[in-house]
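Please keep the sequence and the model open while reading.

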Amino acid sequence: MSAPAGFPAGPIGGRNIRRRRATDRLMRGLLGLAALLAIVPLVLVLAFVLIQGLPALNLALITQSPVPAGFPGGGVAPAVVGTLIMVGLGTLIGTPVAVLAGIYIREYAGGRGATAIRFLVDVLAGVPTITIGLFAYGLIVVPSGSFSGLAGAVALAIIIVPIVARITDEMLGLVPGSVREAAYALGIPPWRAIVRVVLPAAGAGIVTGILLGVARIAGETAPLIFTALGNDTVSTSLGEPMDALPLRIWVYASGPYDSWHAQAWAASLVLVLLVLAFSLLTRFILRRRARSRM
Amino acid sequence: MNLQRRPSGLGLAAVAVVASLLVGACSSGPGTSPAAPSGVGGQTSGPSAAGSMTDYSNVTPSTTLGKSDRAQVTGAGSTAIYPWLSAVAQFYKQQVASGVSLNYQAIGSGGGITQFTAKTVDFGASDVYLSDAQEQTIGVPVFNVPMIHWAAAMTYNLPNVTGDLRFSPGTIAGIYLGTITRWNDPAIVADNPGVSLPDLGITVTHRSDGSGTTYNFTAFLSGVSANWKSQVGQGTSVKWPVGAGGKGSAGVTALVKQTPGAIGYVELSYALQNNLPVGLVRNAAGNFIKPTLASVTDAVTAAIPNAPADLRFLIVNPPTSYPNAYPIGASTWVLLYKDYPASKATEVKAMVDFLWWAIHDGQNYAAQVDYSRMAPDLVAKVETVLKSVTVGGQPVLPQQ
């Protein structure tokens, strides 16, 4: 084989190699810098939330209800409970639909159908979440005559579906064809091959996708404004208005009271910690399961 | 995406994940739910702190709501009434019915009217009564029930100016029309002899959402400025010639607090609780009046004799015969349906009982949070209205 066109011929070494090494170092440095820039905001955000939020973070914050405007004390217990319920229910409703849809797209839809559905799912993922909130308002709040935690959960479910469906689709695509063929060669029907071979192989990736989805909807404010409305007392009833951490942070952060600002920061910290704890817990469970199978 | 990892049952993992979330939700529920915030702060030491209890001769015990009754009432609207209403709801819960939670979301009067019209809330609250057209849109008979009075205060952020500034109505109109743009404008200087005003641009702030405070403020300006009346007019949201918008009373207060040179109009308690200065405004009689409980009460007194039976009235621009009345007073109405479906009986009973308490005992807390209580004449009229509220055709309150 001869050298490709445009590739300098001649002996390796001398000034040429020095120049190439310099270019390599420069580009490596630039890439490293870009990677650093990508994580700097994360570190800064976490540090900022930690510094601002820690002073107001105490047991009262997560166990007490808000006090009347401008009064000292109180907490955001209704928001913590509401976020757990609505994110939990939204995930419970949305995830099965999303995973099954992802399986259909990758395993059954076929070339043109898969492209079409993928496109539509991507469109859904691109719909502004405030619009999805308005949709849930028209679908549930107006007919039922009440703002409710259920309406909030449904809005969140609609948001998590495209995220998890596309990741499931991608993860299944990463499972080598040879694995499927090996299963078929043993006489296993396709549905069984999917359930017992393909899905387990893609499992960790799909769970990561679900985690991303949960983290995403846990931080959503816009779809809850017209659905969950907010609540100053702890409510576990899905038919009543419900509070949520992002909603409470939004109200408190845009308000004039210093105590609100402090609690908004602390509530942000609680939200970040919740998502982090959930993510760690899931990974921990996964790892234990994986180990117990070996 | 660790594909080398040993297969891990996806379904089970997902279920476990969700289950752990739900378990978390449930376990944090019971421990926290009924716990009302214990320390509500030094300023609230019971009814006595608010001054003498007014003796309303015809106070009948409202409903028989007891400590064991549970209900959640949802209301939304006016941000101006929020500090008083949230405080009164808290005291009602502590002193009367611990099982009744009033969930009031301060989304603005415009939002309150919208949600009341869409029938998604048990009650709305608005700083302006419903217009005939709005009542027609709702389609069922409704009540405008006055609850409390307050002042729309002119608040501002001038770091080096001590003492309260004075504003003549024309100056405020000029500032909001954009013809007065600097704090050392001759018009402002003329209102404030002896005060050294900085050569600083005025940042005009107003409400960005539909607001009853805006309605009362623009009604005041329309009454005193022909230019304002012809160019802008009055409404819950108007086409502002200049300025930046803030969402809710809280949003405008935050804007003023954070912006040197800013001016805004907010319900008085928002300004006072945030240590913002409050300007004096010249009334029809020519006196510069500070918004206080007394000066707002004067404005209410001036308006009550002419208040129509449906209780739709404004208290801005009181006549010259009330020389100490504040010119930008306002009221907040709770919006109720005349008849509620029988399925809502518990909520409505709790709601009407609470409102009954709010127009009697609740008025005693008004002063603590810088609102003006309703005049006894008005309370009597409101009692009649509350007694006309029905559930499935049956009155909620005892009729005599």
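**Strand E8 and its partners in chain B**

B:Thr203 has B:Ala262 in E8(B) as its bridge partner. This contact belongs to a parallel pairing over 2 bridges between strand E6 (residues 203-207) of chain B and E8(B), where helices (H or I, at least four residues) and strands (E, at least two) are DSSP runs numbered from the N terminus, and two strands pair if DSSP finds at least two bridges between them. The model is predicted, so that local features need pLDDT of at least 70 and side-chain atom pairs count only at pLDDT 80 or more, whereas totals for chains, interfaces and linings use all residues. Residues are numbered from 1 along each chain as its sequence is written, and chains are lettered from A and ligands numbered from 1 in the order in which they are written.

E8(B) also pairs with strand E4 (residues 142-156) of chain B, here in the antiparallel sense and over 5 bridges; within E8(B), B:Ile263 is the bridge partner of B:Tyr156. Why is strand E8 of chain B described as largely enclosed by the rest of the structure? The reason is that 6 of the 6 residues of E8(B) (residues 262-267) are buried, a residue being buried if 20 or more other C-beta atoms lie within 10 Å of its own, exposed if 12 or fewer, and partly exposed in between, with C-beta atoms placed from the backbone.

E6(B) is mostly covered, with 4 of its 5 residues buried. Strand E7 (residues 244-246) of chain B runs parallel to E6(B) and is joined to it by 3 bridges, and B:Gly246 in E7(B) is the bridge partner of B:Arg207.

Strand E13 (residues 390-391) of chain B pairs with E14(B) in the antiparallel sense over 2 bridges, and B:Gln394 in E14(B) is the bridge partner of B:Val391.

**Domains of chain B**

Chain B is divided into domain 1 (12-150 + 330-395) and domain 2 (152-306), with bounds that come from an automatic or database domain assignment. The contact between them takes 23 residues from domain 1 of chain B and 23 residues from domain 2 of chain B, two residues being in contact if their C-beta atoms, placed from the backbone, lie within 7 Å.

On the side of domain 1 of chain B that touches domain 2 of chain B, helix H3 (109-117), E4 and helix H13 (376-387) of chain B each supply at least two residues, and H3(B) gives the most, with 3 residues. By class, this side has 11 nonpolar, 9 polar and 3 charged residues, where Ala, Val, Leu, Ile, Met, Phe, Trp, Tyr, Cys and Pro count as nonpolar, Asp, Glu, Lys and Arg as charged, and the others, Gly among them, as polar.

For chain A, the assignment gives domain 1 (77-240) and domain 2 (252-294), whose C-alpha centres lie 20 Å apart. Their contact takes 9 residues from domain 1 of chain A and 9 residues from domain 2 of chain A. Helix H3 (77-108) and helix H8 (190-218) of chain A each supply at least two residues of the side of domain 1 of chain A that touches domain 2 of chain A, and H8(A) gives the most to that side, with 6 residues. The residues of this side divide into 8 nonpolar, 1 polar and no charged.

A:Ile194 has its place in helix H8 of chain A and is buried, with 21 other C-beta atoms within 10 Å. Leaving aside its neighbours within four places in sequence, A:Ile194 is in contact with A:Ile103, A:Glu107 and A:Leu199. The C-alpha atoms of A:Ile194 and A:Arg180, which are 14 residues apart along the chain, are separated by 8.0 Å.
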